[in-house]
Amino acid sequence: MEIFIGIRGNTRQLGFDIDMSEDELMAKVNEALASAHGVLDLTDTKGQRTLVPAHALAYVQIAAKTERRVGFAIH
């Protein structure tokens, strides 16, 4: 699934694909926010690890992953 993370005080957002369900992602976000010094720790589909301090999270947007179509349609 594709997600976008907004960081407080930053106009850019982080965007990447992850291999987890929406429920798993929400559990990780809630766990990070519940801790006084929590960190959202995610690994994308390319194996790159991203750590975001929970106090810096502005939002987490979940976008449905759409499969790319290949070929031509004939009507």
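In the predicted model, R49 lies in strand β4, which comprises residues 49-53. The residue counts as exposed because its relative accessibility is 57%, above the 50% cut-off that is applied to exposed residues. When residues up to four places away in sequence are set aside, R49 touches D41, L42 and T43. With one of these residues, D41, the contact is also polar, the side chains of R49 and D41 approaching to 2.4 Å.

L42, which is touched by R49, also belongs to the largest nonpolar core, a set of 16 residues in which I3, I5, F16, I18, L25, L40 and L42 touch the most other members. Two or more residues are given to this core by each of β1 (2-7), α1 (22-34) and β3 (39-43). In soluble globular proteins, nonpolar side chains tend to be buried together. The surroundings of F16 were examined in the model as well: beyond its neighbours within four places in sequence, F16 is in contact with M1, E2, I3, I5, L42, D44 and T50.

Strand β1, one of the contributors to the core, is mostly covered, with five of its six residues buried. On one hand, β1 is joined by five bridges to strand β2 (residues 13-17), the two strands running antiparallel; on the other, β1 pairs with strand β5 (residues 57-63) over six bridges, again in the antiparallel sense. The strands β1 and β2 form a hairpin in which five residues lie between them, and G9 in the turn has a positive phi of about 75 degrees.

At the level of the whole chain, the protein contains one helix and five strands, which follow the pattern β-β-α-β-β-β when read along the sequence. Of the 75 residues of the protein, 28% count as buried. Among contacts between residues at least 6 apart in sequence, 50% join residues that are at least 24 apart. The protein exposes about 6,000 Å², of which 49% is supplied by carbon and sulfur atoms.

Technical notes:
Residues numbered from 1 in each chain as written. Predicted model: local features only at pLDDT ≥ 70, side-chain atom pairs only at ≥ 80, totals over all residues. Heavy atoms only, no water. Helix = DSSP H or I, 4+ residues; strand = E, 2+ residues; numbered from the N terminus. Buried < 20%, exposed > 50% of the residue type's maximum accessible area, 1.4 Å probe, protein only. Contact = heavy atoms within 4.5 Å. Polar contact = N/O pair within 3.5 Å; in protein donor to acceptor, adjacent residues only side chain to side chain. Core = buried A, V, L, I, M, F, W, Y, C linked by side-chain atoms within 4.5 Å. Pairing = 2+ DSSP bridges. Areas by Shrake-Rupley, 256 points an atom, 1.4 Å probe, with all protein chains shown as cover.
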